[in-house]
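These are my notebook entries from a first reading of the structure.

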Amino acid sequence: MRIVLLGAPGAGKGTQCMQIAEKYGLLHLSSGDILRQERSGGTELGKKAQSYMDSGVLVPDDLIVKMMAGAINKAPSTGFVLDGFPRTVVQAQEFDKSLHKSGQKIDVVLNLEVDDDVVFKRITGRRSCPQCGAVYHIENMKPVKDGVCDKDGAELVQRSDDTEEVIANRLKTYHHQTKPVVDYYKSNNSVYDLDANKDADEVQQLMIEILDNLTSA
Ligand code: AP5
């Protein structure tokens, strides 16, 4: 199964993808997580990406397309779920071309729709595990012990781009550059719009229903 998960910052892409990847044995590829790893590893790509990420604008398409092509090549035969990529129509077109060359295509696009005011509350309260990437929220999804990851005991951190000013820029970028990707996919692929303002478990259930229907068809 080859799945693309679209949605605004804070729509719940990372939260949902982790569970979907585990349930269906897929590789979860988050472009944001890969970029953060490049940054913490001090690589050339990480250094180039830093200023874009810190101000809430997109890293240039050519860097991202190359980075994601390398990551997707390592996907198992069961498939992958993409989180945060493609984020521009150019990225989607380039990605389609490279899939086409290897006789593949995207099976389904899940589009998480969420209101901007919900995004602010979610992102300002997000805390993540720097070791395993698990995502929590100080009100909605608390860890058992305050500030500590349930899975590996690491101290939870707040992302440097999760400030109000940068969130406002990320939302603007989303509305201008990423929303058109939904229309791009609607012209050629199966796209499902999901109300992601709902509770995370309800959203998960909706996604599972769609994916189970597709796999049993
Ligand atoms: P990236 O890391 O992809 O950030 P984003 O798209 O802004 O998305 P987030 O990770 O903030 O949100 P999410 O939807 O995963 O939500 P989450 O599950 O964590 O990108 C960062 C930067 O990297 C970009 O700004 C850009 O510079 C660069 N970049 C990345 N990809 C790129 C690309 N393709 N091209 C160019 N540049 C790129 O949930 C958020 C919070 O809400 C959590 O606390 C969670 O616990 C909580 N929550 C989740 N779902 C629910 C729910 N249903 N109800 C209540 N709370 C919930």
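I began with Arg-126, which counts as buried because its relative accessibility is 13%; buried means under 20% relative accessible area, exposed over 50%, and partly exposed in between, with a 1.4 Å probe and protein chains only. The model I am reading is predicted, and local features need pLDDT of at least 70, side-chain atom pairs count only at pLDDT 80 or more, and totals for chains, interfaces and linings use all residues. I also noted that residues are numbered from 1 along each chain as its sequence is written, and that side-chain values use heavy atoms, with hydrogens and water left out.

**Entry: Arg-126 and its surroundings**

I located Arg-126 in strand E5; strands are DSSP runs of E with at least two residues, helices are runs of H or I with at least four, and both are numbered from the N terminus. Leaving aside neighbours within four places in sequence, I found Arg-126 in contact with Val-135, Tyr-136, His-137, Val-157, Gln-158, Arg-159, Asp-162 and Arg-170, where contact means heavy atoms within 4.5 Å. I also looked up Ile-138, which is 12 residues from Arg-126 along the chain, and the C-alpha atoms of the two are separated by 6.5 Å.

**Entry: salt bridges**

Which residue does Arg-126 meet in a salt bridge? The partner is Asp-162, with 3.0 Å from N to O; a salt bridge is a side-chain nitrogen of Lys or Arg within 4 Å of a carboxyl oxygen of Asp or Glu. Arg-126 lies in strand E5 (residues 126-128) and Asp-162 in the loop between strand E6 (135-137) and helix H7 (164-186), so the pair ties together parts that are 36 residues apart in sequence. Asp-162 is buried too, at a relative accessible area of 3%.

Arg-39 pairs with Asp-54, their closest N and O atoms being 3.1 Å apart. This pair links distant parts of the chain, since Arg-39 sits in helix H2 (residues 31-40) and Asp-54 in helix H3 (residues 44-55), 15 residues apart. Arg-39 is partly exposed with a relative accessible area of 23%, and Asp-54 is partly exposed with 34%.

The other pair is Asp-193 with Lys-186, where the closest N and O atoms are 2.9 Å apart. I read Asp-193 as partly exposed at 37% relative accessibility, and Lys-186 as partly exposed at 43%. Salt bridges that share partners also join Arg-126, Arg-159, Asp-161, Asp-162 and Arg-170 into one network.

**Entry: negative charge on the surface**

Which residues gather in a patch of negative charge on the surface? I listed Glu-113, Asp-115, Asp-116, Asp-117, Asp-195, Asp-199, Asp-201 and Glu-202. Such patches are made of residues with over 30% relative accessible area and no salt bridge, with like charges joined within 9 Å. Helix H6 (116-124) and helix H8 (200-216) each supply at least two residues of the negative patch. Asp-116 has its place in helix H6 and, at 34% relative accessibility, counts as partly exposed.

**Entry: Ala-8**

I found Ala-8 in the loop between strand E1 (2-7) and helix H1 (13-24), and at 2% relative accessibility Ala-8 counts as buried. Apart from neighbours within four places in sequence, Ala-8 is in contact with Lys-13, Leu-112, Val-114, Val-119, Leu-171 and Tyr-174. Of these I checked Val-119, which is 111 residues from Ala-8 along the chain, with their C-alpha atoms separated by 7.8 Å.

**Entry: the loop between H7 and E7**

Is Asn-188 buried or exposed? Asn-188, in the loop between H7 and E7, is exposed with a relative accessible area of 61%. Asn-189, placed in the loop between H7 and strand E7 (191-195), counts as buried at 18% relative accessibility. Leaving aside neighbours within four places in sequence, Asn-189 is in contact with Ile-106 and Val-109. I also noted that Asn-188 and Gly-125 are 63 residues apart in sequence and 36 Å apart in space, C-alpha to C-alpha.

**Entry: a cis peptide bond**

Last, I looked up the peptide bond from Phe-85 to Pro-86, which is cis, with omega near -5°. Most peptide bonds are trans. Pro-86 is found in the loop between strand E3 (80-83) and helix H5 (89-101).

How values were computed: Patches are made of residues with over 30% relative accessible area and no salt bridge: like charges are joined within 9 Å, nonpolar side chains (Val, Leu, Ile, Met, Phe, Trp, Tyr) within 5 Å. Accessible areas come from the Shrake-Rupley method with a 1.4 Å probe; for residues, only the protein chains shown count as cover. Lys and Arg count as positive and Asp and Glu as negative; His and the chain ends are not counted. The place of a charge is taken as NZ of Lys, CZ of Arg, CG of Asp or CD of Glu.
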